[in-house]
Structures are given as C-alpha cells and as structure tokens.
Amino acid sequence: MAGETIPYCGPAPTPDTVWTSWNFDPFVIAALLALIGIYSAYGLKGRASNLRFSAAIILLVVIFISPLCALSSALFSARVFHHMLLVGVAAPLLASVFAETRSGASRFPVMVFVLHTAMIWLWHTPEPYAFALSGTLPYWLMELSLLFSGIAMWRAILNSQTGMGTVMSLLLGSIIQMGMLGALLTFATQPLFEQHFATTMAFGLSPLSDQQLAGLLMWVPAALPYVLFAILRFASFLGNGSGMERAKP
C-alpha cells in the first residue's frame with residue numbers, strides 16, 4: 001500500500017523468517033540495563049525479590065527483543081498476547097518488586113483502575129492502534145502507557161493496606177472489562193485492524209480469524225493471572241482469619 005509505514009518491531013515476518021527476527025534495539029537493551037541498575041540501587045534484596053525481578057527481566061526480553069515482537073507486526077493475536085504478558089505478568093512482577101514494602105502504593109485504586117482500563121480499550125481500537133504502529137514514538141507511547149498504568153493498578157492490588165473488598169473489586173473489574181473487549185473482538189463480523197489485512201494469511205489465518213483469536217485470548221487466558229491472584233489473596237485472607245480465631249482465648 002502506498003504510504004505504508006513499517007511498525008517499530010519491523011516488517012511482518014513469514015513463518016520461515018519469524019524465528020530469526022530478533023529486535024536488538026540499543027534503546028531497549030539500555031532501558032533493561034537501566035532497570036537492572038535501578039533495582040540494584042533500590043535496596044530491596046532477598047531471594048524472592050531477586051527471583052521475581054529476574055522473571056520480569058526475562059519476560060521483558062521475550063516481549064520486546066524476541067521474535068514475539070516481530071510476530072506482533074504480522075498478527076493482531078500476537079500483539080494481544082504480547083500485551084497480555086505485559087500487563088498481566090510483567091506489570092505485577094515489577095509492582096511486587098518495587099512496591100512490596102511501601103505503604104503508599106496507591107491511595108486512589110479506583111482512579112488507577114479506570115486509567116488502566118482506558119489504556120487497554122484505547123490501544124485495542126482501530127484508529128489508536130493504527131497510530132501506535134505509525135512510528136517508534138507512538139509505539140512506545142502505547143507500550144509504556146499500558147505497562148505503567150498496569151504497574152500502578154497492581155501496586156494498589158498488592159498493597160497490604162488495600163482492603164480485601166477493594167482488591168477483589170479491582171481484580172473482578174479487570175476480568176470483566178477485558179472479557180467485554182475480548183467478546184467484542186471475537187464476535188465482530190469483519191476485521192477491524194487494517195495493518196494486518198495482508199499479513200495473516202502466511203500463518204494460515206484470515207484477518208477475521210486472527211482478530212477472533214485475539215479476542216479469545218483476551219477473553220479467557222488474559223483473566224488467569226487475575227483469577228489466580230484472587231484465589232491466593234482470598235486463601236491468605238481465610239488463613240489469617242483462621243489464625244486470629246485460633247489465637248482467641
């Protein structure tokens with residue numbers, strides 16, 4: 001197409017070239033090294049913290065450096081999977097590392113939930129999505145707004161001072177809003193993301209089936225981190241309550 005732009009992650013690969021399509025952008029590598037430096041200087045140490053931070057770094061490498069980045073130029077479903085890892089796994093890992101002992105993680109949990117929800121819906125609608133793929137700066141505006149709004153919400157969820165009801169509301173609200181967006185994408189009768197019209201067939205998917213796969217990923221698998229944490233938090237709540245009952249004379 002005339003005037004077509006190449007997305008930040010590079011031109012859409014084919015099945016034969018995807019595994020060699022790594023992104024060794026010096027900016028990304030420098031940013032990851034800077035993040036490691038910040039963690040080293042932050043003062044939070046311990047085996048659990050180190051493991052979570054290492055997992056977060058490995059995940060960011062997968063998201064931004066591995067062939068998943070290039071694959072997201074070809075498939076909208078890969079982009080959605082990319083964002084699922086970013087906000088549902090990397091964000092809580094980073095939030096737990098950098099805010100696990102801080103009492104003021106978020107004093108406005110509803111506001112950060114609304115902000116994060118707005119970012120998810122904004123960047124998965126056709127026109128903002130097209131803008132995000134129009135250049136490097138728009139791409140990073142999308143990625144960083146998703147990541148940092150996700151970290152802000154997970155800090156509120158993980159903060160020990162956030163009430164149980166608020167935590168469950170944030171988790172349930174996240175599951176519902178992503179499920180609604182996923183359902184809209186799944187049941188759409190026509191493909192909405194022009195950037196992938198010519199890039200999906202090489203992977204055996206029509207643009208519509210690629211979009212429907214993206215919707216299913218957002219509808220079901222994307223909810224799993226939130227469901228898992230809700231179960232763990234509720235189990236911890238019950239355990240603490242039982243312990244308190246046993247401690248009574």
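**Helix packing and a disulfide in a predicted model**

Colleague: Is Cys-9 buried or exposed?

Modeller: The structure is a predicted model. Cys-9 has a relative accessible area of 11%. The cut-off for a buried residue is under 20%, so Cys-9 is classed as buried.

Colleague: Which residue does a disulfide join to Cys-9?

Modeller: The structure holds 1 disulfide, with an S to S distance of 1.9 Å. The pair links distant parts of the chain, 60 residues apart, with Cys-9 in the segment before α1 (26-42) and its partner in helix α3 (residues 67-74).

Colleague: Are α5 and α8 roughly parallel or roughly antiparallel to each other?

Modeller: The axes of helix α5 (residues 109-123) and α8 come within 11 Å and cross at roughly 15 degrees. Phe-113, Thr-117, Ile-120 and Trp-121 are among the α5 residues that make the contact, and the α8 side includes Leu-170, Ser-174, Gln-177 and Leu-181. The crossing itself is right-handed. Angles under 35 degrees count as roughly parallel, and α5 and α8 are therefore roughly parallel.

Colleague: With which side chain does that of Gln-177 form a polar contact of 2.9 Å?

Modeller: Gln-177 lies in helix α8 (residues 164-187) and counts as buried at 6% relative accessibility. Leaving aside neighbours within four places in sequence, Gln-177 is in contact with Phe-113, Thr-117, Ile-120 and Trp-121. The side chain joined to Gln-177 by the polar contact of 2.9 Å is that of Trp-121.

Colleague: What is the handedness of the crossing of α7 and α8?

Modeller: The axes of helix α7 (residues 136-158) and α8 come within 8 Å and cross at roughly 140 degrees. Met-153, Trp-154, Ala-156 and Ile-157 of α7 meet Val-167, Leu-170, Leu-171 and Ser-174 of α8. The crossing of these two helices, α7 and α8, is left-handed.

Colleague: Which side chain is joined to that of Ser-145 by a polar contact?

Modeller: Ser-145 is found in helix α7, and at 17% relative accessibility counts as buried. Not counting residues up to four places away in sequence, Ser-145 touches Met-119, Trp-123 and Trp-140. A polar contact of 2.9 Å joins the side chain of Ser-145 to that of Trp-123.

Colleague: Is Pro-225 buried, partly exposed or exposed?

Modeller: The relative accessible area of Pro-225 is 23%. Buried means under 20% and exposed means over 50%. The value of 23% lies in between, so Pro-225 is partly exposed.

Notes. Residues numbered from 1 in each chain as written. Predicted model: local features only at pLDDT ≥ 70, side-chain atom pairs only at ≥ 80, totals over all residues. Heavy atoms only, no water. Helix = DSSP H or I, 4+ residues; strand = E, 2+ residues; numbered from the N terminus. Buried < 20%, exposed > 50% of the residue type's maximum accessible area, 1.4 Å probe, protein only. Polar contact = N/O pair within 3.5 Å; in protein donor to acceptor, adjacent residues only side chain to side chain. Contact = heavy atoms within 4.5 Å. Disulfide = S-S within 2.5 Å. Axes fitted to C-alpha atoms, helices over the stretch in contact; angles between N-to-C directions. Parallel < 35°, antiparallel > 145°, perpendicular 65-115°, else oblique. Left-handed = near helix turned anticlockwise from the far one by under 90°.
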